[in-house]
Amino acid sequence: MVEQESPLKPVWQPGSHGNFAAGIGVYLSESAPGSIVQLAAWAGKEKAVLQAIKAVAGLKLPDGAGGGAPGEARAAFGFAPGKFLVIDEQEGLAERFTQALDIETGTVTDLSHGRTAIRIAGPKAEWVLSKFFAIDFSATAFPIGAGRSTVHHEIFVHIQRSAPTQFELYVFRSFARSFWQALCRASEEVGYEVQ
Amino acid sequence: MSPRRATAGGRIDRQRTIRFTFDGHQFTGHAGDTLASALLANGVTLFGRSFKYHRPRGVMTAGVNEPNALVTIVNGGVREPNIPATTVEIFDGLTAESQNRFPTLSYDIGALNQLGGRLLSAGFYYKTFMGPVIGPLKGTRLWMACEYFIRRAAGLGSAGLEKDPARYERMNAFCDVLVVGSGPAGLMAAQAAAESGARVILAELEAVPGGSANWSDEAIDGMPAAKWASSAVGKLKALENVRLLPRTTVWGYYDDNTLAAVERVTDHKSAPAKGEPRHRHWTIRAQTVVLATGALERPLVFPGNDRPGVMLADAARRYVNQFGVLPGEKIAIFTNNDSAYRAAHALKKAGAAIVAIIDLRREVSDAARQIAASVVGEHLTGHAVVATEGGKQVSGIKVQPFDIATASVSGDPRSLHADCLLVSGGWSPTIHLASQAGLKPVWIEQLQAFLPPQPTQKWLAAGAITGSFSTQEAISQGHAAGAKAADSKSAEPGDLPIADADSLDPCPAPIFEIKAPGKAFVDHQHDVTADDVRLAHREGFVSVEHLKRYTTLGMATDQGKTSNVPGLAIMAETLGKPIPEVGTTRFRPPFAPVSVGALAAERYGDIRPERLTPMHDWHVENGATLYAAGLWHRPMIYGLAGETVEQAYVRETKAVRGGVGLVDVSTLGKIAVQGPDAAAFLDRVYTNMFSTLAVGKARYGLMLREDGFVLDDGTTWRLGEHDFLMTTTTANAGKVMQHLEYLLDVVWPELRVHLTSVTDQWAGAAISGPKSREVLAACVTGTAVDNDALPFMGIVHGEIDGAPVMICRLSFSGELAYEVYCGAGHGTHVWATLMKGGENFGIVPYGLEALGTMRIEKGHVTGAEIDGRTTARDLHLDWMLSKKKPFIGSAMMDREGLLAEDRLQLVGIISLDNRPLNGGAHIVEHLDEANPHGSIGHLTAACYSPVLGRYIGLALVSGGKARHGSRAFVSDPLRRRFGPIEIVSHHFYDPEGSRMHG
Amino acid sequence: MLITCPYCGPRNVSEYTYQGDGNRTRPDPASTDQAAWNEYVYDRLNPAGDHHEIWQHSGGCRAHLRVTRNTLTHVVTEVSFARDAGHRKSERHRKPGAHA
């Protein structure tokens, strides 16, 4: 199998940057999962899709808008009515879901190449993200595991909170480099480390 | 110690000396000083020249309401004009300049304008420079002759031309309670809300929270008010659920309790820390807002009231109590209310002599009388100031007996020596934000002031903004508002702090103006006098909104914070109506000036997002000249050294037509259309059939809008029974997606179809030319690519050097061609493999110019022809309109006007003078270069055609098809192009399509 | 202005795209009634007050929403998924040529 090339390669600068003298505010990284798969249920078939996620990915998603399950190896969350994003560090997840879901339940769309996964973690993660997105990142409004769809100008993004101070961002690959550069710039104020 | 700095007192850090420059002179001040307080401490009283008359002006206030002391802050090449010196915190290296003076502040030529004062009264511009042009120097012609000099003489500071290198940012914030203002009311509100667990933001426009506590002489809870405030601030800072935003002006109150604020993060620093923005713009969404914005003192209007040395009484109190600065040594006070007596008390304590208090009222409260008796030389009740004396500084005043009932002076004036005159005309609650989120402000006769209106959004008011001017009321109202805003059940005001304050009467006498000879200013910043207001009335401007626009009263950068109410009062008196009947102008955002940088934040210049294809870096490394197509960056040409653009695309085109070329088509919109009803859905949205398309085949499709005009075109591939991959043009990808989503959500919710943008999932490379099949055969494994395995519009799956690919045989160039799709992360790998595999066949990469040239030669349409005004018939695509089914647009595409013979139709154009053509040029029938007329259409695209050896183009021409073979002219006056052309079929090249089917 | 998306919660209007008057009903696809098509494609209500509108949460979950918005005050009183309301759309049908 050919390795996926990162869209961030030419602008990837590991190390500490910005105003980090008083400590690192955020850690930025590309998580490069093997699979990013969208599942979309027909009306009334959401439960069946949730069951498929449990069966295939071993993740139990809570009911309700934006409900999700975080995880290092695999994660999933809802981002739109009846729609879920499932992420796996291994490749081949789309094929497994295609086997598990019939067309009467919903559809499977492989986005493994189409979305770039960026992680932002650290004490200032909420602060930096609030520069971009007009959504409430506080833990009460945006609990661990939950997913959100939002936009920064043209840059559309799905966000999952994976830990108290950690978020996973899924952006369109063609915008990933621009967004990464903007993210780095916005993080300079609090000091950031690219890992 | 400088002449005006008191020997002790104030909340400045006397241990820290700060050096700054004003008008080229070095000065020193202390940490905690504003530019105004530091200059006053150095004995500077002249701060600038006025807008129209170039009158000398000093500092009138101590805060955001300053109309006079505007300066330009200079930072390298960047000049920020019109900043009130009263709001600038000094730092080492600060450089400021005065404004609107030439050549210097002290000797200003423009001051001659004062002599022509009558000429420059209200409406001067309208009267002098507008109207019919009669004679050489009348009306607008006169304006054109004088404009340069007038623009130079009038106005405020000027901005620099350098690019501002500072960083600006935006921030989104959410909270339960936003408290605006951090005086005692705001502090108590924040504290009460925070105690109940609410998320609180406390915004304060000054550097040091505390508001009036920072300069009152009062005690709260047994300690000096300022100390109480700083300890309250300290407690708030320690709470996790409170965010304190000093130096943050909440400037707008918008729908749904969304407020706009600007934080001046580094304006008080010599240099920002790394990555620190200069200004941060906050968009705050609050459940409830507590407005604790206080009140602003207003001046009285009397002749000479603008001379440097005339200052608001409470501003003087602030200078002495907060900054340890005496605004004068021999001070007179002129007031219509008790609050000014506090200044007398404070200044006397700091060592100034209070020459006299001139009070318009004959009767004053006992508390005021007591202060007067203990600190004042003369207490002149029932008197008015009718003039000030001096040049660039007050040296004396003239007073005269005054009668409130008749609002007139009597008797003889007498002079008093004073170097400073403090004025108080009462207080106006700071209702700007409340008014933006409320109904009409309420006039209260007793206070002679507007109070906050009925809210139309969720806010509460506390403190002086409510017209309750005592600190104790501020404390109790603040606490109650904070608790209520946070929905606290335990709003027990049991142990509130106790304020130890005087008991002066806050109600003023209803007098705003002293009528006496001389210029009496209402709006100091725009040089609007009381006579200007009356003149406007005489000329028929009776509405307050018209008055404002005609005189420009209240329209300067200070937005009339000191002038609105006095101006309104004078207007009301002139009209003979009570003030509430005249009404007030609407308060609109911003409350105070906001930097454009803060509003733009990241939305400018080179950090606009770029959309890059998976092979972008390869293109750059291989000499591509990039072209911005929307947000996408696409290769235009891969020029060789010394090549022109035309030479490059001609070379690339020839290489493709004669051999093989590779072009990046990853930017095409791609939409996954999936579901049991996908085929049925496509039949409804395309003009042609897709349900009949076999799996593993692609078809060219055309979409119309509901009104029958063409929306977009592209090929759609059937990857499975329920699985289609739709492609759209690059430019219309988003529009088509929304169009389809709308139909599924709103019109046909019963259809089970999902749409997903997969534009970014796939890298696309089109390999074109007679040798393209050979290159593919050499590179692709896992599938055959010969004509049987991969016929025209067929799709196969295989691998290229280990990367899975999907190949569809279709052609935009007119040659044998294939589109090779692979995962975007494999894009460069597949592209480079094809380039390597094509080396032996002479493969070239080609860009948009060559692509465009080949499509023009083939007569294929793109966005230039699908311009929202063309129908399928206009583009000769009527063969795609199915008669077997209705589709979007089918009901309206046959309307009379859309079938007319003379509609603009697609044609080909050949340049007959062998000169290039330009898109956008008109086609005219008459040979009349000097006066081109009678356009019959226009060019949509043009190129040099290597196969024809001619300059050609596509055009939309009236009744175009019938004109094939006829001659006309191209007219493009802007580019000085006129010449003969021939109208031909748009199929210039291989009309039978034998090359791509071969 | 905020619109409360039934899925995503309250979001800034900048995340949404106005997708037109929500009072329209598309004629039967096979209909040749030009007046009905003309009304569907071109006629728009323009009320000063409550208005039924279609908004897409294009910068969020991408669902189309039926929104009742006061055009004078921007106050949004009702939001629902257009999909759910789709089957009830005849309720909002109005006569050809009717104006608010």
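Predicted model: local features only at pLDDT ≥ 70, side-chain atom pairs only at ≥ 80, totals over all residues.
Domain 1 of chain A is made of two segments, 9–32 and 114–194, while domain 2 of chain A covers 35–110. Where the two domains meet, 14 residues from domain 1 of chain A and 13 residues from domain 2 of chain A take part in the contact.

On the side of domain 1 of chain A that touches domain 2 of chain A, the elements giving two or more residues are strands S8 (115–121), S9 (147–152), S10 (155–163) and S11 (166–172) of chain A. Of these, S10(A) gives the most, with four residues. By residue class, this side of domain 1 of chain A divides into five nonpolar, six polar and three charged residues.

Turning to chain B, strand S1 (residues 13–22) and strand S2 (residues 25–31) of that chain pair in the antiparallel sense, with seven bridges between them. Within this pairing, Ile18(B) stands opposite Gly29(B) of S2(B). The two strands, S1(B) and S2(B), form a hairpin with two residues between them, and in the turn Asp23(B) has a positive phi of about 50°.

Further along chain B, UniProt places the feature "domain: SoxA A3" at residues 518–602, in an unreviewed entry. In the model, the end C-alpha atoms of residues 518–602 of chain B lie 50 Å apart, and the span is 45% helix and 6% strand.

Key
Residues numbered from 1 in each chain as written. Chains lettered and ligands numbered in written order. UniProt positions renumbered as here; feature names shortened; annotations may be inferred. Pairing = 2+ DSSP bridges. Domains from an automatic or database assignment. Contact = placed C-beta atoms within 7 Å. Nonpolar A, V, L, I, M, F, W, Y, C, P; charged D, E, K, R; others polar.
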